[in-house]
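I opened my notebook to get to know a new structure.

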Amino acid sequence: MLLDENLPRKLARLFGPRVEVVTVRERGWGSKKNGELLAAASGEFDALLAADRNLPDQQNLARYDVTVLVLEARSNTLEDLAPLVPGAIEALRRARRGEAARVEA
């Protein structure tokens, strides 16, 4: 799974050993816009984990071979996002490539 740059890097550790998480910064993709990022992640990652609630509406996700998981929390702090991790793992199991799933508190 690819962790978008607007999420705290420490969030990756909370997914444990069952879900491999790589950050956008680790891949050197920090300057990519959403469409470019989706194209780069497509086929290489199962999912893009993001907090941009508008991303699914702004992009034609069916064009990309990647699932978008949108975390919807009060803020982008680790404290607010951590409780969403179990739901994100479950959503990843059910999600289909080219679609978005919202994970809410």
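**Ground rules.** I am looking at a predicted model, in which local features need pLDDT of at least 70 and side-chain atom pairs count only at pLDDT 80 or more, while totals for chains, interfaces and linings use all residues. Residues are numbered from 1 along each chain as its sequence is written, and side-chain values use heavy atoms, with hydrogens and water left out.

**The sheet.** I looked up the strands, which are DSSP runs (E, at least two residues; helices are H or I, at least four), numbered from the N terminus. I found an open sheet of 5 strands in the order β2-β1-β3-β4-β5, with parallel pairing. Two strands pair if DSSP finds at least two bridges between them. At the edges I noted β2 (22-23) and β5, each pairing on one side only. I also checked β1 (residues 2-3), which runs parallel to β3 and is joined to it by 2 bridges. Leu-2 stands opposite Leu-48 in β3.

**Asp-4.** I then moved to Asp-4, in the loop between β1 and β2. Is Asp-4 buried or exposed? I found it buried (under 20% relative accessible area; exposed is over 50%, partly exposed in between, with a 1.4 Å probe and protein chains only). Asp-4 has no salt bridge (a side-chain nitrogen of Lys or Arg within 4 Å of a carboxyl oxygen of Asp or Glu). The nearest side chain of opposite charge is Arg-25, 8.6 Å away (Lys and Arg count as positive, Asp and Glu as negative; His and the chain ends are not counted). Leaving out residues up to four places away in sequence, Asp-4 touches Val-24, Leu-37, Leu-48, Leu-49 and Ala-50 (contact means heavy atoms within 4.5 Å).

**Val-103.** Next I visited Val-103 in strand β5 (residues 100-104). Val-103 counts as buried because its relative accessibility is 5%. Beyond neighbours within four places in sequence, its contacts include Val-70, Leu-71, Leu-84 and Ala-88. I also noted 16 Å between the C-alpha atoms of Val-103 and Leu-2, which are 101 residues apart along the chain.

**Rings.** How many aromatic pairs are there? I counted 1 (centres of Phe, Tyr or six-membered Trp rings within 6.5 Å; planes under 30 degrees apart are stacked, over 60 edge-to-face, the rest tilted). Trp-29 and Phe-45 sit edge-to-face, 6.1 Å centre to centre with 80° between the planes. Trp-29 is in the loop between α1 (24-27) and α2 (34-41) and Phe-45 in the loop between α2 and β3 (47-50), so the pair ties together parts 16 residues apart in sequence. Trp-29 counts as buried at 11% relative accessibility, and Phe-45 counts as buried at 8%.
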